Amino acid sequence: MQDHRHARLVINKAEERAGRRGRWYLPNKQGVLTVCMGDLADATIVIGILAQVFFLEYYGLGRYLNWVITGMICVRALFSGWKYSGRALLLGLITVAGWLSGALLGGNMETFRANILLLLYPFVYTLYFFLLVTNKRDFLLGLFDAGFPVFNAILLLNMAIMFIQYSTHGMIAATTNDISYFEDNISGLFSYASVHAVALYTSFVVLYNFVWIRRLRGPLWPSLAIAYNVCLIVLSFYLATLNDNKALFIILPLVLVMFWLISVMRGEADVSGPFFWLVALYFILTIAYVLVPAFQILVDTQVFGLFDMVGSSASVGTAADGSNERIAIIGFALLRPATWSLGEGLGASSFYASGFMSFNHFGQADMGSFLILMGVWETAAYVAFFHSVVSEFMEQEKGSNGRIVRLLLLLTILINFLYTQCFTRVNCCLCLLLLCGALAWSWNSSAADYLIIDRDEEQV
């Protein structure tokens, strides 16, 4: 009886919020059994996704699990009675239509099918995330609320395995490994060549921890949690120097700055304090740069090298090599007439085809590949779809500040789109979804309050 009353209270509260925003969040009204069975199905899918990305793909099982999980998501979406947002459906249909239009351009049909599969799995997982946000917000917030030990345990385990991989020179390697560059395979349990997934997931956990720390009370626990998070940041940067994970040096500082901006807009941080610490940090790093040769080499390669890459690669075209090709491919694509229509077509080349269009590392980041193979408009539609999904996690808009947070989410997506394979690799896509969800969660002043209200109502 008490469980039924709690389920009714949760439904009433969800409907009340739906009335305020014009959406249904929890349409299941058949009682405790329906609610519990739905939660069990969603929990199974979520556990399957996490297990596939963080563990089982390492053993070469990702391909089969993607089929199984995609099928489960399709069944869940079709028979759940969930409501769907017209905007997201329209953007999703445009995205799928863009894929299919690639078949009209000819090319190799086997390549076309392989590319469709690369796009399909991240797209379906993103769509499922959107369905959870719009229909089962309490369930998703519950995962964020209770995920602290799981998310951190995964990161700590992965760090330990990366250190072993570095120390043993690859003796602990993923089962499916066709990348010869040693550093690219130091990615723990994230399968082979997944240092970008490591960067995204590390940034997510650090941000998530800072948001979670807000809920701690007392003088001791918040201080200990902050010290622990700072240690995670230092250790993650050290590991990034071992596996040449330049993405972490871009994404994590960017995320921390965004979190500070959101905290300022929420009235939880002032502007003057961080400037003092930034000035102090600048002098400390300057002294270390002058006195410590190893640190000087690190800064020259990982920081100044990034600026040199951006400054030079935009104009060299197909002569670019290595990381420079990420930006060079974009400039090259925008000069091609086909890019401003339907692109070269998904049958023209694999997303990861080495040597296509004379680029040795074609496909090492998704933006250039998308522009060349699918064109500007399909690329823009896909970014708009992904942005509409992660923006739904924002509980409160609050006028102009809310629009700023939406712009921060868009900036996060675009930077990762430019530098990583976030739309064609499941592990990168999931980690980007988690990262954007944590950014939006950091803005939601009432996200944890809903869960606290639930527990209070249960005791009535």
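1. Let's start with Cys74. In this predicted model, Cys74 is partly exposed, with a relative accessible area of 37%. If you were hoping to find a disulfide, you'll be let down: a search of the whole structure turns up 0 of them.

2. Now look at another cysteine, Cys436. How far away is the nearest cysteine sulfur? That sulfur belongs to Cys422 and is 9.0 Å away. A disulfide needs two cysteine sulfur atoms within 2.5 Å, so Cys436 is in no disulfide. As for cover, Cys436 counts as buried, at 0% relative accessibility.

3. Next, have a look at helix α3, which runs over residues 62–79. The helix has 18 residues and reaches 26 Å from its first C-alpha to its last. That is close to the 26 Å expected at 1.5 Å a residue.

4. Which residues of α3 are buried? They are Gly62, Asn66, Ile69, Thr70, Ile73, Arg76 and Ala77. Viewed down the axis of α3, these buried residues fall within an arc of 130 degrees, so they line one face of the helix.

5. On the face turned away from the buried side you'll find the exposed residues Tyr64, Trp67, Leu78 and Phe79. Then check what comes just after the helix: Gly81 takes a positive phi of about 80 degrees.

6. Is Asn360 buried or partly exposed? With a relative accessible area of 45%, Asn360 is partly exposed.

7. Finally, zoom out to the whole chain. The protein chain has 17 helices and 0 strands. Of its 460 residues, 49% count as buried. The chain exposes about 20,800 Å², and carbon and sulfur atoms supply 70% of that area.

8. One last number, on how the chain contacts itself. Take the contacts in the protein chain with a separation of 6 or more: residues 24 or more positions apart account for 74% of them.

Methods. Residues are numbered from 1 along each chain as its sequence is written. This is a predicted model: local features need pLDDT of at least 70, side-chain atom pairs count only at pLDDT 80 or more; totals for chains, interfaces and linings use all residues. Side-chain values use heavy atoms; hydrogens and water are left out. Helices (H or I, at least four residues) and strands (E, at least two) are DSSP runs, numbered from the N terminus. Buried means under 20% relative accessible area, exposed over 50%, partly exposed in between (1.4 Å probe, protein chains only). Contact means heavy atoms within 4.5 Å. Accessible areas come from the Shrake-Rupley method with a 1.4 Å probe; for residues, only the protein chains shown count as cover. The expected span of a helix is 1.5 Å times one less than its number of residues. The arc is that of the directions from the helix axis to the C-beta atoms.
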